[in-house]
Structures are given as C-alpha cells and as structure tokens.
Amino acid sequence: MDGLNKGLRKVEIAVRWDPSPAGQPSTDLDLVAATYLADEPHGDPAYVVHFDSRSPDGTIYLNRDSKDGQGFGYDEVMTLELDRLDGRYARVVVGVVIQQRPAERTFVSVVNPGLRIREGYTVLTEDDFGGVLGATAATVAEFVREGSGPWNFRPGLRGFEGDPVDFARTMGAAHRP
C-alpha cells in the first residue's frame with residue numbers, strides 16, 4: 001500500500017512558553033529549520049530559515065514570532081509546505097534555540113515550555129523539553145524522503161549545548177540514522 005501513501009504535506013511546528021518572572025530578563029525561543037540536499041543529507045544545510053528569513057521558494061516560513069512568550073497559546077509558529085519543496089531536498093531538520101541575550105539560558109530556566117507538531121488537525125508529537133533541560137537548543141523534528149517518495153516524520157528531541165550560531169550550522173549532523 002506504499003503507493004497510496006501521500007506522506008506529509010503541510011506541517012506546523014509550534015512552541016510556547018510563559019513570560020519570565022517579574023524583574024528577570026525576557027526569554028526568547030526561536031524556531032529554526034535547515035534543509036539538506038538529497039546528495040548530501042547530513043552535510044552542510046542548503047539554507048536555514050529562522051526569525052529573520054524564509055526559504056527562497058516560500059515553502060518554509062515563520063507565521064508567528066515572539067521575543068518574550070507573552071500572548072495566548074503558541075508563541076512561535078513555523079509552517080513547512082513539504083509537498084511544495086523542490087525535489088533536490090531530501091531532509092529538513094527543525095530545532096528550537098534559546099536566544100542568549102542578555103543572560104545565558106538553558107531549557108531548565110524557561111517557564112512552562114511546550115512543543116506541538118501537527119499536520120492539519122492531527123498532532124504528530126508534543127513535548128515539554130523535559131529531556132533536554134541543560135541544553136541551549138534542541139532539534140525537535142526531522143522530515144525525510146527517499147527520492148521522489150513521500151515525506152516522513154522522525155520525532156525526537158535532542159539537546160545541544162553551545163552557541164546558537166553553531167547549532168544552526170551543525171543541527172543536521174546531530175542525528176544520523
């Protein structure tokens with residue numbers, strides 16, 4: 001029945017957190033997505049999408065950006081239109097980065113964080129970052145396809161300790177099947 005599997009088409013990744021306590025610096029989480037070419041799925045990303053960018057073809061974009069966690073529901077939301085992504089790409093890795101200004105932070109200091117990944121109304125996964133409390137960033141999802149086949153979701157929260165710039169450059173190498 002694999003011939004009938006359309007795979008994932010349009011996926012939403014959403015992150016929420018509560019504002020920092022009074023007198024504390026704001027907490028700013030950012031969604032980041034990196035795309036990888038089919039001929040080098042674990043090499044350098046072809047491009048990275050984050051708070052100040054979108055994919056060249058408009059298939060990966062940030063719908064909502066928060067710098068402090070104030071608001072109702074999910075504070076950061078990114079959409080991946082996988083069904084429109086060019087056939088040259090075989091892998092997309094999505095991560096969450098904690099901005100390190102004005103104070104260094106890890107997930108243990110983020111108040112009430114949450115993650116939801118869904119396609120339409122179907123929730124693919126949810127998490128609270130409890131498994132990566134000492135990390136400054138984490139990969140949260142991997143989407144892969146073989147050739148022109150359907151996109152598949154590989155869940156998994158993997159922490160990263162270090163500079164957010166290094167994370168964006170190396171996040172795809174963090175996990176190899």
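Start with the largest pocket, which has a volume of about 220 Å³. A pocket here is an open set of points on a 1 Å grid over the protein atoms alone, where a 1.4 Å probe fits, with protein on both sides within 12 Å along at least five of seven lines. Grid points are joined across faces, edges and corners, and the volume is the space filled by probe spheres set on the points. This is a predicted model, in which local features need pLDDT of at least 70 and side-chain atom pairs count only at pLDDT 80 or more, while totals for chains, interfaces and linings use all residues. Residues are numbered from 1 along each chain as its sequence is written, and side-chain values use heavy atoms, with hydrogens and water left out.

**The pocket lining**

Select Phe51, Val97, Gln99, Pro164 and Val165, which lie nearest the centre of the largest pocket among its 13 lining residues. Lining residues have an atom within 4 Å of a point. Two elements give two or more residues to this lining: β2 (29–37) and α1 (164–170). Of the elements, α1 gives the most, with three residues. By class, the lining has seven nonpolar, three polar and three charged residues. Nonpolar covers Ala, Val, Leu, Ile, Met, Phe, Trp, Tyr, Cys and Pro; charged covers Asp, Glu, Lys and Arg; the others, Gly among them, are polar.

**The whole chain**

Now zoom out and colour by secondary structure. The chain has one helix and 10 strands, in the order β-β-β-β-β-β-β-β-β-β-α along the sequence. Helices (H or I, at least four residues) and strands (E, at least two) are DSSP runs, numbered from the N terminus.

The C-alpha trace spans about 55 × 35 × 30 Å along its principal axes. The radius of gyration of the chain is 16 Å, which agrees with the value near 16 Å for a compact globule of 177 residues. That radius is taken over C-alpha atoms, and the globule rule is 2.2 Å times the number of residues to the power 0.38. Of the 177 residues, 46% count as buried. Buried means under 20% relative accessible area, exposed over 50%, and partly exposed in between (1.4 Å probe, protein chains only).

**Aromatic rings**

The structure holds four aromatic pairs. For one of them, select Tyr47 and Tyr89, an edge-to-face pair at 5.6 Å centre to centre with 85° between the planes. Tyr47 is in strand β3 (residues 47–49) and Tyr89 in strand β6 (residues 89–98), so the pair links distant parts of the chain, 42 residues apart. Rings of Phe, Tyr and Trp (its six-membered ring) pair if their centres lie within 6.5 Å; planes under 30 degrees apart count as stacked, over 60 as edge-to-face and the rest as tilted. Tyr47 counts as buried because its relative accessibility is 12%, and Tyr89 is buried at 6%.

Next select Tyr36 and Arg91. The charged end of Arg91 sits over the ring of Tyr36, 5.0 Å from its centre. The test for this is NZ of Lys or CZ of Arg within 6 Å of the ring centre and within 35 degrees of the ring normal.

**Two residues with positive phi**

Most residues other than glycine have a negative phi. Asn112 is not a glycine, yet has a positive phi of about 55°. Asn112 lies in the loop between β6 and β7 (114–119) and is partly exposed, at 44% relative accessibility.

Phe129 also has a positive phi, near 65°. Phe129 is in the loop between β8 (122–127) and β9 (137–144). Is Phe129 buried or exposed? Phe129 counts as buried, at 0% relative accessibility.

**Further stops**

- Asp57 is in the loop between β3 and β4 (60–64), and is partly exposed at 33%. Its C-alpha atom is 8.5 Å from that of Asp86, 29 residues apart along the chain.
- Tyr121 is in the loop between β7 and β8, and is exposed, with a relative accessible area of 82%. Tyr121 and Val92 are 29 residues apart in sequence and 21 Å apart, C-alpha to C-alpha.
- Arg169 lies in helix α1, and is partly exposed at 47%.
- Gly172 is in the segment after α1, and is buried at 0%. Gly172 and Thr139 are 33 residues apart in sequence and 8.4 Å apart, C-alpha to C-alpha.
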